[in-house]
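Welcome! Take a moment to turn the structure around on your screen, and then read on for a guided look at its charged pairs, its core, one of its helices and its rings.

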Amino acid sequence: MKRYHLIVSGRVQGVGFRAFTQQKALEYNINGYVRNTTDGSVEIEAQGEEEQINQFISSVKKGSPFSSVDDVDANEEEVKQEEGSFSIRY
């Protein structure tokens, strides 16, 4: 099990990127959350099995059809056992 904190920059707000991220999290069985930040980037906490988390991060780097991802800063975090779903935070 792996957990990552991601900061995604580029054209990622107002283009359905959070919903895209949630869809990919469901597809890859990832727990965590996604939310917009005040600087225009998107923050993601993602946790799952190593192969699935790598596929999820790869999808995030490609972005949704309407987004344009410039950079993804990914840092490994401590696994949180109590987390059991993926949500969009506002």
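## Salt bridges

Let us start with charged side chains: there are five salt bridges in the structure. Keep in mind as you read that this is a predicted model.

One of these bridges joins the side chains of Glu76 and Lys2, with 3.4 Å from N to O. Glu76 belongs to strand E4 and Lys2 to strand E1, so the bridge links distant parts of the chain, 74 residues apart. Glu76 is partly exposed, at 47% relative accessible area, and Lys2 is partly exposed too, at 22%.

Another bridge brings together Arg3 and Glu45, at 2.9 Å from N to O. Here again distant parts of the chain are linked: Arg3 sits in strand E1 and Glu45 in strand E3, 42 residues apart. Are these two residues buried or exposed? Both Arg3 and Glu45 are buried.

The side chains of Arg35 and Glu43 form a salt bridge as well, at 2.5 Å from N to O. Arg35 is partly exposed, with a relative accessible area of 31%, whereas Glu43 is buried, with a value of 10%. Salt bridges can also share partners, and in this way Arg3, Glu45 and Glu83 are joined into one network.

## The nonpolar core

Now look inside. The largest nonpolar core is made of 22 residues, and Val8, Phe17, Ile30, Ile44 and Phe56 have the most contacts within it. Two or more core residues come from each of these elements: strand E1 (2–11), helix H1 (17–27), strand E3 (42–48), helix H2 (50–62), strand E4 (68–77) and strand E5 (86–89). Which element gives the largest share of this core? That is H2, with four residues.

Leaving aside residues up to four places away in sequence, Val8 touches Phe17, Ser41, Val42, Ile44, Val60, Val69, Asp71 and Val72.

## A closer look at helix H2

Helix H2 has 13 residues, and from its first C-alpha to its last it reaches 19 Å, close to the 18 Å expected at 1.5 Å a residue. Its buried residues are Ile53, Phe56, Ile57, Ser59 and Val60. If you look down the axis of H2, these buried residues fall within an arc of 160 degrees, so they line one face of the helix.

What covers the buried residues of H2? The cover includes E1, H1, E3, E4 and E5. On the face turned away from the buried side, H2 carries the exposed residues Glu51 and Lys62. Just after the helix comes Gly63, which takes a positive phi of about 85 degrees.

## Aromatic pairs

Finally, find the rings: the structure holds two aromatic pairs. Phe17 and Phe20 make a tilted pair, with 5.9 Å from centre to centre and 40 degrees between the planes. These two residues are three apart in helix H1, so about one helical turn separates them. Phe17 is buried, with a relative accessible area of 1%, and Phe20 is buried at 10%.

Phe56 and Phe86 have ring centres 6.1 Å apart and planes at 65 degrees, so this pair is edge-to-face. Because Phe56 lies in helix H2 and Phe86 in strand E5, the pair ties together parts that are 30 residues apart in sequence. Phe56 counts as buried at 0% relative accessibility, and Phe86 is buried with a relative accessible area of 7%.

How values were computed: Residues numbered from 1 in each chain as written. Predicted model: local features only at pLDDT ≥ 70, side-chain atom pairs only at ≥ 80, totals over all residues. Heavy atoms only, no water. Core = buried A, V, L, I, M, F, W, Y, C linked by side-chain atoms within 4.5 Å. Buried < 20%, exposed > 50% of the residue type's maximum accessible area, 1.4 Å probe, protein only. Contact = heavy atoms within 4.5 Å. Salt bridge = Lys/Arg side-chain N within 4 Å of Asp/Glu carboxyl O. Expected span 1.5 Å × (residues − 1). Arc of directions from axis to C-beta. Phe/Tyr/Trp six-rings, centres within 6.5 Å; stacked < 30°, edge-to-face > 60°.
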